[in-house]
Structure formats: C-alpha cells, structure tokens
Amino acid sequence: MTGPAVPPAPVASPPNPTLSSAGIPSRRAVVAAGVWSVPAIALVAQTPAFAAGSGQDTLVLSSSPTGVVPAAGPTSLTTTITTQTGAPAVGQSISLTGPFGSTFGNASGVTDGTGRYTTAFDLGKPWADPGQFITVSAVSNTATGTGSFTVLGANMYDYYYIAEQAQRVFPSPVVRSASGLNTDLVVLQDGTVWSRNSQSGGGAFSMVAGITDVASVAVSFNGVGTYYVLRNDGTVWAQGDNQGGQLGDGTTQNRATPAPVPGLAGVTQISAANGTLFALKNDKTLWALGFNNGGGQAGVGAESAPIPLTQVTNGTDVAYVAGRQSGGYLVKTDGTVWSWGGALDGSIGDGSNIDRPAPVKLPALSDVVSVHPGFAAFNWNSNVVFAIKADGTVWGWGMNTFSQLADGTTTSRPTPAPIPGLTNITHIVPSSGKVYARKADGTLLVWGVYGDVTPTPFTVDRPVTRLSDSVFTAAHDRDILITGGTTLAVDIASTITAGTAAPVTATVTDGTTGVAGSALTLGATAPGILAATSGQTSSAGTFGTTLSTDTWTTPGTSVRLTASDSANAATDTTTVLGANMYDYNDGSAVQAQRIFPSPVVRSASGVFNDLVVLQDGTVWSRYYGTNPDAAFSMVAGITDAVAITVSWRNLTFYVLRKDGTVWAWGANAFGQLGDGTTIDRSTPAPVPGLTGITQISAGIGTLFALKNDKTLWALGANSNGGQAGVGAESAPIPLTQVTNGTDVTYVKGRARGGYLVKTDGTVWSWGQSMNGSIGDGSNTDRPAPVKLTAITDVVSIHAGLDQVLWESNVTFAIKTDGTVWGWGMNSYGQLLNGTTTSNPTPTPISGLTGITHVVPSSLNVYAQKTDGTVLTWGANANTPTPITVDRPIIRLSDSVITAYRSRTFLITN
C-alpha cells in the first residue's frame, strides 16, 4: 500500500519464566511446532557456564529492536545488571544460553562500566514461525534472568524467477497475499496488513497503519492502483487511486490512507477489475463500484461512466466472484459460471468475441467452485481464465499465447475445455509469464512461458499452503508462495539399554503429511552417542538413526535428544537401563543384566534368590534356581527401601524403609513375618510393631531389628540353642527384645544365632555353638548373648549364613583400625592361620588392614579395603588375593546364602 507505513508494533511478551522453566518441559516436547500455534517457548540449548549467585542484583535481557529477534541473522542482545541501590554492576561475569541451534557472538563476557554486556545473537532458524516466543537465559554470580522475545520471520517465498524466502520481518504468519503493478500486500494472522513497493524484485515490507482485523485483500490496477481490505466485521476499507470513484467516497480524489467504503457491510468476499471493486455480501448478492468502461466491466447491464455502488445484473445467489482485466466472473450456488465485460481473446467464454455488459451463463461449465482469471498490466496472461470444479479438475479458456491452456497449441479458445493432467487442484494463479497451480496434497505445478507447455511439478524446500489471491504484474514472472507451519518431532523409546543401539526417528510434517527433504541436525547429551548427527527426511517425512551409550553407563542416566531444522527444534528424553554391578561367581566377574532404571546400592542373596535395592528406593528380585541368567524384576508395593536381608528356611525376605518400618514376605513357618500366623505370603506387608528401625539382619527363620533407641528385637524361630537370643531356647517367638539388647549399634544374624556390637565396641554372641561359632572359647550353646572378652573396638560383624553350613559358622569382626579378627569354622583356611582347624575364639587375621566389609560365601571369603580393592581367599586361594575387574568396586553384598557356589555381587560406582 502507498499509505504511511509504521514499524512493527511490539508484540506483548508473556511473563518471564524463572531460569529453571527454560529447561525441558517434558520428556517429549515439540518446539515451535507450527500449525501457527504461538506463542511457544523454545528449549535452552545447554546449561550456563557457572552457577547462579545470590540473585541480589537485578538482571535484564533486551534486544535491539526491542522485544524482537529475527528468525535468522545476527541481532544485538544486551544484558544489564544493576545493584540493589540501582547502580551499574560493573565487572560481573555473564553466561548466556539460548534455544537449541542458536549462537552468540560470545556466550560469556563481563559487564562494562555501565553494567552492560552486549553481544550478537542468532536464532539460526530461518523458517521459524513468525510470532512465536523464544527465551534466552543469563546467569551471573550475583543475578539470574530470562528474556522472552518475539520471532520476526517470513513463512513466504518471494518467487521472482527463483524462489527465495521473503524478508524475515513479520511478527505473525502470512495468511493471504495479493500483488498490484508495483505493490505487494500480505495479510498476517494477527489481522494486520503489510505492503511493499515490488519494483525490481521487491522492497521492504512495512505495516499499514490504521488497519486491523483483516481477512483478505484485493488489488485493482488503474493509475497508481487501488487497494481494498476486507475486515472480519464484514466492512471494506480502501485507499489509492480514485479516478473512477472506486473508493466509494463520492469523489474522484486519490487517498493515501485507508478508510471504510460507504454502504458496504456484511461482505464475505472482495475482488477487483481495473478500477472496479466487486463485493459479495452475506445475502449472496454481488455489488460493483467504480469504472464501467471496457465493454461494461462492472456487469450492471450497460457500459457507462463510473458507477456508484450498484448490484451486478444477475448478481443473486452468488457463491464466488473473481474480477479480471476488464470484467469478471461469478459462480452461483448451483455451480454455474456467469461472465461479463470485454471479450478479448475469447475471455468471455461463451464462444463469441462479443462484449457482455451483463453476466451471461456459460453453458459448458457446471459444478464449479472457483474461477481464476489472469490479471496482468500488459495483457500477457490477462485474458486467460481457469475454473476449478468440485472434483478438482480444471477447465480453461481465453488467451493461449504461451500454451497456458496446456493443449499443445498457442491458439486462444473461446469456450471452456478441460486442462489435461490437472486433478485435485485447489488454487490457480496466472501470473505474467506462467501459470501456477496447487494440488490438495500440496504439490505445486507450473507451466506457460519459458518452455513449460504442460503442468510440471515445481519444488521448493517448504510445504506451500496457499498461492497469491491475485497477481497483477508488468512483464514479470512473479508470485508469492505462502508456506505452512511444519511440526518437527523426535522420538526415542522412554528407556534404552546401556551398550545397545536404540532407534531414533525424527519426523517433519505439515500437519498431516510428511515433508520430504528437510535438512535435520541432531544432538544428544552425554553419554549418548548418535550414529548420525545430520540428514534429510525421506519421502515419508522421516529420518532415522540410532543412539547408544557405554555398557557401564550409570543406570537411570537421562539422555536428552534434540533435533533441529530450519524452522523448529524438538526434544525427547530417554532413561538408560543399566547395571552398576558384577555378578561374581566361581572366579568369573560378569556384568549383571542391564535392566535397572537406577543404580544398585545394596544387595543380598538367598539360596536361589537375589535381592537388590536401587538408589530410587525400589527393590528388585530374581529367582535363578538352575538358571544364572534369570531376569530381575521389581518387587511391587515397596518404595523408599534402604536395606534388605534374607532369612534362609524356605526363604523370608525383609526390607527396611526410610520411614523406619520393616516390610516382609515369603516363608512364615516360624511366624517370622510377624503377622500372627504361620501362613506364607507372596506380597510384602509391614511387620507389626516395628517402627523406628535403623538396621535389620536375619538368621535362619529369625529376624533381628535394631531400633533408633539402640534396643535390639527378635522375631521368629528360637530353636537350635536359643537362636533368637532371648534367654532360653523355645518355640517360635513373637516380637521380643533380645537379652542384653541395649546400647546396641550393630547386629548380625548368622545360621543359628547372632552377634551384636555395643556402643563401647564390645561384641556379644548367642545361639548354637558349632565349630566355635559363639567365639567365647567354648562349644556351649548360648541362648542369651554373652560378651566376647577377647575382642574390643569392633564396628561390624560379618558371619557366614549358608544353606548347607559349608561356611555358616565362620565369623569376622572389623575393628575401628580396619584390622580383622576371625573365629569359627576354618575348613578352607578362611581364618588365614595356615591351618584348616576351627578356632573358638577371635584372633587377628594376618595381612588384613584397611578393611571396610567382609562377606563369607559358600567356598570363599571376600573383603573390601578403603581404597576399593577387593580381596578373596578360601577355596580359591590360601592368601588374600586381589580381584581384578574393569570398574572400581564400592560395595560387596550384605549377605550371601548359596548352595555349593561361591557367589557375590560387586557393586560399582
């Protein structure tokens, strides 16, 4: 438009989110996914270079121009920090982060003497949806902040011999366009109109002042051109040339600013001829205004001087109108086409070359939905006409100088005939030298001048959703191709297995259909490794690759996957399933099955069952029987677990939770589940009476629970010399305090008894005394705990607990200085004293220092040192021998009950 232009109005930004809100909004997020759904918040590409400080200062991010950034290309971004007193914060370090794929001139810097740091910012998304919001975050050591900016873009190709993206200046998506002789108009989704002088390939667009809530535009060439705007309220506004009174204001004075056309209300469509406006009202009547020469181009029954607003002859029951060079066409609700005006080159379409000042029906056409005539300054294509029928086929007539009718000739045609090869057409635009058509599937076709005598597919990088409403140009092959928003999604399974390649699929669609040929860039956060980091979408709009991690990736690690194209960015996250644990069996260390969603922190083994506690508080178990490769699965109903223990006698399983309660399931022959029955139970439930528990351990059929008041309690079996430690051998007992069970810091159950350590470092022992397991020098059963006078300064006890008693009566005590004392069974030299003779009293274990944990298994003993070294001896070695594995070991199993095997778990970091 030729009226005053104003710069784009700042678009209101949403409230600035907190710094954390600029992160991942969900596991799977689509960013700037445009079916023109804005605003959208883009993803932050990476974490800041350093952590935020106290936040006492104020940090503000701003752009130049204010509040907006171009979709691509550098723009100035300034971070300003002020102190609490309002003074500039000088010399403050700044770290900036932006959406995925964006870049900074320098993402880190220092504020100057005015408290500002300015750098270049490039969003790097040339086809980003205009009007979406993106977020940039800044962190200093005294403040944090975010800035939300509106993207200026262009969802439009400017076709001028070649297809190039239009200038990225629009704050909202382009939805309609029309071209005059030297002026282009576009309507944005926000209802504003923008114009430019299009001479020599196009000037800069700017917003037309005074027009809002616009639905469509029309251009009439006469003199300097007249421009019409249909608003959503049904009014029509106009400006420009007024020689024929086509502005409707009762004068012939040109006007440089838009104003309403008097008398036009309830309008649903507008179109124009040279100096003539046609307006279709919601009552289906058609009206004309302006020039009526050229054979009666207004269609009011007779050629005349310019006319005021007048109803077109036969202009009732009209569904569609199209103005042309010197006349027009209407389509009625019954699908018939009526034509009027000058008859050059057979453009009337009734078989004659006679001007028609009133619309005449074209008998050759029916079932028509729209008509699309040429409209060019020097008549290149001004008299060629196309009609689209309800079935998507196209009929054409009129001028054929450049084979526009695609019939293999250059002879004009005075009556409509089918255009070969055109099906499923939704829109046609004749421009000066070519004809453009769009199919329902988005395919573009072009033909006419320069040798394209038949409709030929025309390919651009972006899906085109609409052509210009009209093109009125002088000897130029110009058109505007409006593109639609595309959606980019990237997908990976919610969990992947460490060490295996997981499929990744990126998909670009235009809403319903895949977009082929989209160039993609992919990235993954550590430790993810992509097989391909770039590529193009297939004909189905997809691109596939794989993502993998190292075999020993920490279970539960989250990997963020990102994909980016010229318009959008998308992300998905996946959790790595792994196993930070060796299954060590008979001298062979093999990584456990990689199935855990969180790191293993504790483990215990029963006869044919293994239990592990994960860092997330869940418990996983497996029954392996004769299958060492049996799979772990999560135990339902247990959360917040901190420790586990296993009791052998058909197996009972206990879990200590963070809240100090104990849950149990499994065998209950001795009432060891504490539920007042002897019925086995397959699902976990709380053990009544146990609260405030800090440690649990089990013997055979007996549970020991240490409370936070340092009292020790027992539950279950009490045979075998009084294995519950309550003072006398008896039938199974309910929850009962252990004799001398006060001031206790540690408890350890064994095969048929147990041990406790008191706060003074003394050890007390009870139960059956096989192979000197009591440790008091005798072979006498002790139904109540007795103090072992030979040993002091103890922190923990580690006793054997085996199915067939191979090592169930060997015991080790770790002292505060890291040395180890041992007693009991010594069949395989477990006590490292050079013999295989059992020892009934604690004695130092030669060569063991700096020990933190000991686990006797069926045939061997395992010990861990403070430096992580794991030693083993017994049936496999007569001296402590280091176990060599690839990963550092941080913990051994809490207990191992196995049959004829030397198994343990080695938990890695």
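The model is predicted, so local features are given only where pLDDT is at least 70 and side-chain atom pairs only at pLDDT 80 or more, whereas totals for chains, interfaces and linings use all residues. Residues are numbered from 1 along each chain as its sequence is written, and side-chain values use heavy atoms, with hydrogens and water left out.

The pockets come first. On a 1 Å grid over the protein atoms alone, a pocket is an open set of points with protein on both sides within 12 Å along at least five of seven lines, unlike a cavity, where a 1.4 Å probe fits but cannot get out; lining residues have an atom within 4 Å of a point. Grid points are joined across faces, edges and corners, and a volume is the space filled by probe spheres set on the points. The largest pocket has a volume of about 560 Å³. Its lining consists of 32 residues, and those nearest its centre are Arg 176, Gln 269, Tyr 320, His 427 and Asp 469. Two or more lining residues come from each of strand 18 (214–220), strand 22 (267–273), strand 26 (318–324), strand 30 (368–373), strand 34 (425–430) and strand 38 (464–467). Strands here are DSSP runs (E, at least two residues), numbered from the N terminus, as are helices (H or I, at least four residues). In the lining of the largest pocket, 17 residues are nonpolar, eleven polar and four charged; Ala, Val, Leu, Ile, Met, Phe, Trp, Tyr, Cys and Pro count as nonpolar, Asp, Glu, Lys and Arg as charged, and the others, Gly among them, as polar.

The second largest pocket has a volume of about 410 Å³. Of its 18 lining residues, Asp 441, Gly 442, Thr 443, Val 460 and Pro 463 lie nearest the centre. Eight residues of this lining are nonpolar, six polar and four charged.

The aromatic contacts follow. Rings of Phe, Tyr and Trp (its six-membered ring) pair if their centres lie within 6.5 Å, and the planes count as stacked under 30 degrees apart, edge-to-face over 60 and tilted for the rest. By this rule there are 20 aromatic pairs. One of them joins Tyr 159 and Phe 458 edge-to-face, at 5.0 Å centre to centre and with 90° between the planes. This pair links distant parts of the chain, 299 residues apart: Tyr 159 belongs to strand 12 (residues 156–160) and Phe 458 to strand 37 (residues 456–458). Tyr 159 counts as buried because its relative accessibility is 9%, and Phe 458 is likewise buried, at 16%. The classes are buried under 20% relative accessible area, exposed over 50%, and partly exposed in between (1.4 Å probe, protein chains only).

Phe 608 and Tyr 623 form another edge-to-face pair, with 6.3 Å centre to centre and 70° between the planes. Phe 608 lies in the loop between strand 51 (600–605) and strand 52 (609–614), while Tyr 623 lies in strand 53 (residues 619–623), 15 residues apart. Phe 608 is partly exposed because its relative accessible area is 31%, whereas Tyr 623, at 56%, counts as exposed.

Two tryptophan rings have a lysine over the face. Lys 281 lies over Trp 287, at 4.8 Å from the ring centre, and Lys 332 lies over Trp 338, at 4.7 Å. For this contact, NZ of Lys or CZ of Arg must be within 6 Å of the ring centre and within 35 degrees of the ring normal.

Two strands pair if DSSP finds at least two bridges between them. Strand 49 runs antiparallel to strand 77 (residues 903–908), with five bridges, and Tyr 584 stands opposite Thr 904 there. Strand 49 also runs antiparallel to strand 50 (residues 588–591), with four bridges, where Tyr 582 has Gln 591 as its bridge partner. The hairpin of strand 49 and strand 50 has two residues between the strands, and Asp 586 takes a positive phi near 55° in this hairpin.
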